[in-house]
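Thank you all for coming; please have the sequence and the structure open while I talk. I will go through some local features one after another.

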Amino acid sequence: MCYDIKASLEAQLKRATRNQDLKAIEEIIEKLAPLTDLPLHHASGFSHPEVLIYTNDDPFYPIVATWGLIPHWVKSVEQQKKIWNNTLNARVETIFEKPAFRDAATEKRCILYVDGFYEHHHYKNQVYPFFIQQKNKEPLAMAALWSEWVNHENGGVVNSFSIVTTEGNDIMSKIHNNPKLNGPRMPLMLLTEMEEQWLASKQDFEHDLKSIVKSGGDVQLHAYSVGKLRGKSYEGNVDSISDEVAYKELAAEELNF
């Protein structure tokens, strides 16, 4: 699962800077960034933050989108609100089967760049949050699906997305140990050389997807425990929320990453 992220504007500009189009970058900063909720030192998907995503329509110029995919066939705001919290993540194993995701899986894929993400570890009936990032601290490229939804009540268009998840790797198998779930999960992370494959429009994409998923486990990660992300002690969307916090009770588990 991936319900909590950290995303700075710098991380979200990762792909745009590859083109070295200074005018485009300046435009993104001036016109799009103010429409987002950035910076997100910590944000839960259930708050549906507005961020930047790079779509297959324009791979190097992002759009503003809200977290929680709204399928194009949703007919009312009431229906949208009912489905919203259930589409924060999309399991890669079933994206071509689930009605909420199958059209987007075929036609509307995108990338979300983040500084890292948070996951909760269960130990002796307690929950401990961890922050996970690349070992080199470069932004993580997360595979995602997106949608354009037209609000039939006012004609407005809402761009939205869902983070694609896959089976957890070795690190995530230690951290994401929720006893209520059938095995660990993690966001599908893209190596730089796989980003174009994810965005490419191909009839045989399902075949390419196997290699994309396999390579995602090769992204080198570093993880450490942080302060609580829920409850009274939660400090909110502040820079220090991703600072390392050691828990003596976890020492026995020897969670060394």
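Let me begin with K137, which is found in the loop between β8 (126–134) and β9. Please keep in mind that this is a predicted model. Although K137 is not a glycine, its phi is positive, at about 65°, and because its relative accessibility is 63%, K137 counts as exposed. A positive phi in a residue other than glycine also occurs at Q20, where the value is near 55°. Q20 lies in the loop between α1 (9–12) and α2, and with 65% relative accessibility Q20 counts as exposed.

Staying with loops, P39 sits in the one between α2 (22–32) and β2 (40–44), and the peptide bond leading from L38 to P39 is cis, with omega near 0°.

Now to helix α3, which spans residues 77–84 and has V77, Q80 and I83 as its buried residues. These cover an arc of only 130° around the axis, and therefore they lie on the same side of α3. What do the buried residues of α3 pack against? Their partner is β9, residues 140–150, while the face of α3 turned away from the buried side carries the exposed residues E78, K81 and K82.

Finally, the cysteines: the structure holds zero disulfides. C2 is in no disulfide, since the nearest cysteine sulfur, that of C110, is 13 Å away, whereas a disulfide would require the two sulfur atoms to be within 2.5 Å. C2 counts as buried, at 0% relative accessibility, and C110, at 0% relative accessibility, counts as buried too.

Terms used:
Residues numbered from 1 in each chain as written. Predicted model: local features only at pLDDT ≥ 70, side-chain atom pairs only at ≥ 80, totals over all residues. Heavy atoms only, no water. Buried < 20%, exposed > 50% of the residue type's maximum accessible area, 1.4 Å probe, protein only. Helix = DSSP H or I, 4+ residues; strand = E, 2+ residues; numbered from the N terminus. Arc of directions from axis to C-beta. Contact = heavy atoms within 4.5 Å.
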